[in-house]
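Student: Hi! Could we walk through this model together?
Tutor: Happy to, let's have it on screen.
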Amino acid sequence: MNLYLLTQNQNIGYDTYDSMVVAAETEEEARLIHPNQWSDNAWGKTLSFLKDWADTPDQVTVELLGVAVEGMESGVVISSFNAG
């Protein structure tokens with residue numbers, strides 16, 4: 001399991017996520033994690049007026065940070081949300 005920094009600059013401003021750190025096995029898996037993964041506006045479910053992250057996974061930049069601690073589950077570790 002690895003730790004990745006994900007960033008996006010597709011949707012910026014208030015009520016958007018600009019970045020997050022995730023735990024995932026691969027870069028491809030990391031890219032598919034949405035910062036709002038437990039809500040109704042995650043990938044494939046985004047309402048047209050809710051643009052809180054990149055529109056598609058290919059608009060997300062992924063950077064390997066390092067190896068996660070043993071036993072860590074995949075998903076969001078921390079995210080940066082610009083509330084407004």
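Tutor: One term before we start: contact, or touching, means heavy atoms within 4.5 Å. This is a predicted model, where local features need pLDDT of at least 70, side-chain atom pairs count only at pLDDT 80 or more, and totals for chains, interfaces and linings use all residues. Residues are numbered from 1 along each chain as its sequence is written, and side-chain values use heavy atoms, with hydrogens and water left out.
Student: Great. What does alanine 24 touch, not counting residues up to four places away in sequence?
Tutor: Its partners are Met1, Asn2, Tyr4, Glu29, Ala30, Ile33 and Ser74.
Student: And where does serine 74 lie?
Tutor: Serine 74 sits in the loop between strand S3 (61-67) and strand S4 (75-82); strands are DSSP runs of E, at least two residues, numbered from the N terminus.
Student: New topic: is serine 19 buried or exposed?
Tutor: Serine 19 is buried, because its relative accessible area is 15%; the cut-offs are under 20% for buried, over 50% for exposed and partly exposed in between (1.4 Å probe, protein chains only).
Student: Which strand is serine 19 in, and what does serine 19 touch beyond four places in sequence?
Tutor: Serine 19 belongs to strand S2, and it touches Leu5, Leu6, Thr7, Trp53, Ser79 and Ser80.

Technical notes: Helix = DSSP H or I, 4+ residues; strand = E, 2+ residues; numbered from the N terminus.
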